[in-house]
Amino acid sequence: MELFDVQTIEDAQREVIQSVGKAFLRTEQVPLNDALGRVLAEDIPCAFDVPGFTRSTMDGYAVRAKDTQGAGESIPAFLTVVGEVEMGKAAPVAIRPGECCYVPTGGMLPEGADAVVQVEYSEPFGKNKIAVYHAVSTGRNLILKGEDTKAGEPVLTRGTVLRAQDVGALASAGVTDVPVYEPLRIAVISTGDELTPPGEPLQPGKIYDINTYAVAGMAKSYGHVITSQQVVPDREDRLVAALKSAMKDSDIVCVSGGSSQGKKDMTKRLIDELSDPGVFTHGLAMKPGKPTILGYDSVSKTLLCGLPGHPVAAVYVLELVVLDALNELQGRDAPLTVYARMDQNIGCDAGKSNCFAVKLEETEEGCIAHPVLGKSGLISTMTESDGYLVTDRNKEGIKQGELIKVRLFR
């Protein structure tokens, strides 16, 4: 019997990156309105200062700050109003000592002014005069030229997953088309004679297919595209046909089930036969997730992933090994994590990275993690959780009260 030559999660990630290389870094230009959720493929430098002029953040009077020093309710400063700024137009005047100019919120600051007094702290006093009852310091109530982004600096950097605020920042720099990575095309195949697609009658001994939907959902949550998803019985001819078809139009083919050492487990052999150079990972030092197969075909440029049959293990492996490797390749930020204290002792299998789903509770003393324990075939351990932790391979257990890092579910 062939034994697993297990790899660490990190080693498997490196193998994925080395195998797929730049083949998975295809780029395209998309209109700014279509860029939300996409991954930026290069740094976007700003061609000019943003904003391009110093602006007021309040309705009020543009002043020289030194002309207001000492002003208060009992002893106001008296200034001459020499003009008014209109929105969307250049300031019509320059400010000299003892003068001010009305400026609306967002209006351009006149030359010579270095602060704005809110209109609430002033009142008319005779013809073209105001009394100022509040002293301001230099820069008060202003957004300075280039304060958002200076010319030549990057607005955003490669690997940014574009959020609404990021799209707004690109708009502020006048960007209309955005260079982003093309989403990867992923085919999902679940194997097993016991699997029934949801919606069909459930016969004795059968279960509804979970993996196809969970794996596809996880891939889509990272912005990738599902080219096909299907359930295949434990027959070699059917699996060969499914793999060949999927490899024609997909970057990644995920096969769940058929990765352990059972008599019907043919996935590793078929991946080796259908690809060149073939399998580079057969077994992970990870619980759950040990029976994992990874291979690559340089001809079709397809990554082949034999995921465990249990749904929890399949999702963990897909995210921790495959998707994290792709994220590193694209330069994405690390996944969102929080720190919490474990509420009980938990044993670990030494020599493996152990994954535990946890439910988080916010308390006055900090965040508490409650483990949601269960077998890797129980998808409810994930639905009842907020995230999961991954232990170091050499860790033998987690003590009650120990500070842990929890990776949040997407």
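Trainee: Which residues have the most contacts inside the largest nonpolar core?
Mentor: Ile252, Leu303 and Tyr316, in a core of 43 residues. A nonpolar core here is a set of buried Ala, Val, Leu, Ile, Met, Phe, Trp, Tyr and Cys residues joined through side-chain atoms within 4.5 Å. Before we go on, this is a predicted model: local features need pLDDT of at least 70, side-chain atom pairs count only at pLDDT 80 or more, and totals for chains, interfaces and linings use all residues. Residues are numbered from 1 along each chain as its sequence is written, and side-chain values use heavy atoms, with hydrogens and water left out.

Trainee: Which element gives the most to that core?
Mentor: Helix 6 does, with 13 residues. Among the elements giving two or more residues are also helix 1 (9-20), helix 3 (211-221) and strand 24 (353-363). Helices (H or I, at least four residues) and strands (E, at least two) are DSSP runs, numbered from the N terminus.

Trainee: And what is isoleucine 252 in contact with?
Mentor: Leaving aside neighbours within four places in sequence, the list for isoleucine 252 includes Phe24, Ile186, Leu303, Cys305 and Leu326. Contact means heavy atoms within 4.5 Å.

Trainee: Zooming out, how many helices and strands are in the protein chain?
Mentor: Seven helices and 28 strands.

Trainee: What radius of gyration does the protein chain have?
Mentor: The chain has 30 Å, while a compact globule of 410 residues would be near 22 Å. That radius is taken over C-alpha atoms, and the globule rule is 2.2 Å times the number of residues to the power 0.38. Along the principal axes, the C-alpha atoms fill a box of roughly 100 × 50 × 40 Å.

Trainee: What share of the residues counts as buried?
Mentor: 45% of the 410 residues. Buried means under 20% relative accessible area, exposed over 50%, and partly exposed in between (1.4 Å probe, protein chains only).

Trainee: Let's do helices. Which residues of helix 5 are buried?
Mentor: In helix 5 (residues 267-274), the buried ones are Thr267, Lys268, Leu270 and Ile271. They sit on the same side of helix 5 because they cover an arc of only 165 degrees around the axis. The arc is that of the directions from the helix axis to the C-beta atoms.

Trainee: What do they pack against?
Mentor: Helix 4 (236-249), strand 17, strand 18 (277-282), strand 20 and strand 21.

Trainee: Which residues are buried in helix 2?
Mentor: Asp166, Val167 and Leu170, in residues 164-172. Their arc is only 100 degrees, which puts them on the same side of helix 2. Here's a handy rule: an α-helix has 3.6 residues a turn, so residues three or four places apart point the same way.

Trainee: What covers them?
Mentor: The cover includes strand 2 (44-45), strand 11 (154-156) and strand 12 (177-181). Just after helix 2, glycine 174 takes a positive phi of about 80 degrees.

Trainee: Which residue has a positive phi although it is not a glycine?
Mentor: Asparagine 128 is one of them, at about 55 degrees. Asparagine 128 lies in the loop between strand 8 (122-124) and strand 9 (129-132), and counts as partly exposed at 47% relative accessibility. Lysine 301 also has a positive phi of about 55 degrees, and lies in the loop between strand 20 and strand 21.

Trainee: Why point those out?
Mentor: Because most residues other than glycine have a negative phi, and most peptide bonds are trans.

Trainee: Where is a peptide bond cis?
Mentor: One is from valine 50 to proline 51, with omega near -5 degrees. Proline 51 lies in the loop between strand 2 and strand 3. The bond from aspartate 276 to proline 277 is cis too, with omega near 15 degrees, and proline 277 is found in strand 18.

Trainee: Back to loops. Is aspartate 49 partly exposed or buried?
Mentor: Partly exposed, with a relative accessible area of 22%. Aspartate 49 lies in the loop between strand 2 and strand 3 (55-56).

Trainee: What does the side chain of aspartate 49 reach?
Mentor: The backbone nitrogen of alanine 151, at 2.9 Å.

Trainee: Last one: is leucine 373 buried or exposed?
Mentor: Leucine 373 is exposed, with a relative accessible area of 54%. Leucine 373 lies in the loop between strand 25 (366-371) and helix 7 (380-383). Not counting residues up to four places away in sequence, leucine 373 touches Gln344, Phe356 and Thr381.

Note on methods:
A polar contact is a pair of N or O atoms within 3.5 Å; within protein, one must be able to donate a hydrogen and the other to accept it, and residues adjacent in sequence count only if both atoms are side-chain atoms.
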